[in-house]
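Here are a few friendly notes to read beside the model. Keep the structure open and find each element as you go.

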Amino acid sequence: MRLDELRQYLDDLLEVAHWRDYCPNGLQVEGRAEVRRVLCGVTASQALVDAAVAGGYDALLVHHGYFWRGEDGRITGIRRRRLGALLGHDISLFAYHLPLDGHPVLGNNAQLAWHMGWESVSRFGEQDIGWIGAPRETGLKALDIAANLAVKLERVPLLVGDGDRVASRIAWCSGGAQGFFEQAIASGADLYVSGEISEQTTHLAQESGVPYIAAGHHATERYGVRALSRHLNDGLGLTADFLDLPNPV
């Protein structure tokens, strides 16, 4: 498949033009013109770049790419090594941040809900990036949700607040979306689930009565890019492999 064709397909599929983001979405590093094999992962770390080089891949596809707003733009040190490896081996880099959080089927939030058995009913937060729904099983407490997340995500989450509160209405947003907690409470959530936690989050959970679960930034954002890799295999005739590099955060 031609690189330009893949870029256009992915940009259209993930509705890049719809999102206001903190980084450029789409093709971030241009490599060879023909793409047959794509390596997918959560973050374009040096380890993932090295795996793409060793595996002879034509392109990398990730959720966390490069060129974030406010970063020092000089190409030195770690940035030089990463970009040097990609350019030196003619490997393209595609990165989709908020578009891959928000996609209604392939996105991180949609995939987290599918794996957890949560049914979405509405959205909340900036650009409607957060999701609200309910577990298919009734009567579950926040402690039960945390235990289920530990099994599905293969990582023990951190629960703060009232673990015995029945979670009839769950709000969730993958990654570093702890800042949406107050909006989740205002939306009537019994429980809010995201990836990371800040110091003030504990106090908000205790004082509001709405528990909060930090299930891991990486862990809550594994499934979107993995679903996208399966989509590329099934729909475009590409070879797309997903590589999960463990991350405790």
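1. Let's begin with L159, which stands opposite I213 of strand β10. This pair belongs to a predicted model, so please keep that in mind throughout. The strands concerned are β7 and β10 (residues 212-214), joined by three bridges in the antiparallel sense.

2. Now widen the view to the sheet around that pair. Six strands make up an open sheet, in the order β5-β6-β8-β9-β10-β7, and the pairing is mixed. At the edges you will find β5 (118-124) and β7 (158-160), each of which pairs on one side only. On average, neighbouring strands here are turned by 25 degrees against each other, ignoring direction.

3. Which helix packs on this sheet? Look for α6 (residues 142-153), which touches β5, β7, β8 (170-172), β9 (191-194) and β10. The direction of α6 makes about 15 degrees with that of β10.

4. There is another sheet to trace. Five strands form this open sheet, with the order β1-β4-β3-β2-β11 and mixed pairing. Strands β1 (26-29) and β11 are at its edges with a single partner strand each, so one side of each has no neighbour in the sheet. From one strand to the next, the twist averages 30 degrees. As a reminder of the background, strands of a sheet pair through backbone hydrogen bonds, in either a parallel or an antiparallel way.

5. Is β2 mostly covered or mostly open? Mostly covered: five of its seven residues are buried. On one side, β2 runs parallel to β11 (residues 239-242), and four bridges join the two strands. Along this pairing, R37 has T239 as its bridge partner, and V38 stands opposite A240.

6. Strand β2 also pairs with β3 (residues 59-64): these two run parallel and are joined by five bridges. One of the partners to find is H64 in β3, which is bridged to T43. To get from β2 to β3, the chain passes through helix α2 (residues 46-55), and this β-α-β crossover is right-handed.

7. Helix α10 (residues 222-235) lies across β2, β3 and β11. Its direction is at about 160 degrees to that of β11.

8. How do helices α2 and α3 sit relative to each other? Two packed helices are described by the angle between their axes and the distance between those axes. The axes of α2 and α3 (residues 77-88) come within 10 Å and cross at roughly 15 degrees. Angles under 35 degrees count as roughly parallel, and α2 and α3 are therefore roughly parallel to each other. Their crossing is left-handed. The contact is made by Q46, V49 and V53 from α2, together with R81, R82, A85 and L86 from α3.

9. N109 lies in helix α5 (residues 108-116). Why is N109 called buried? The cut-off for buried is under 20% relative accessible area, and N109 counts as buried because its value is 0%. Leaving aside residues up to four places away in sequence, N109 touches D101, I129, W131, W172, C173 and S174. Show these side chains together on screen to see what surrounds N109.

Technical notes. Residues are numbered from 1 along each chain as its sequence is written. This is a predicted model: local features need pLDDT of at least 70, side-chain atom pairs count only at pLDDT 80 or more; totals for chains, interfaces and linings use all residues. Side-chain values use heavy atoms; hydrogens and water are left out. Buried means under 20% relative accessible area, exposed over 50%, partly exposed in between (1.4 Å probe, protein chains only). Two strands pair if DSSP finds at least two bridges between them. A crossover is right-handed if, with the strands pointing away from the viewer, the path from the first strand over the helix to the second runs clockwise. Contact means heavy atoms within 4.5 Å. Axes are lines fitted to C-alpha atoms, for helices over the stretch in contact, and angles run from 0 to 180 degrees between N-to-C directions. Angles under 35 degrees count as roughly parallel, over 145 as roughly antiparallel, 65 to 115 as roughly perpendicular and the rest as oblique. A crossing is left-handed if the near helix is turned anticlockwise from the far one by less than a right angle, and right-handed if clockwise.
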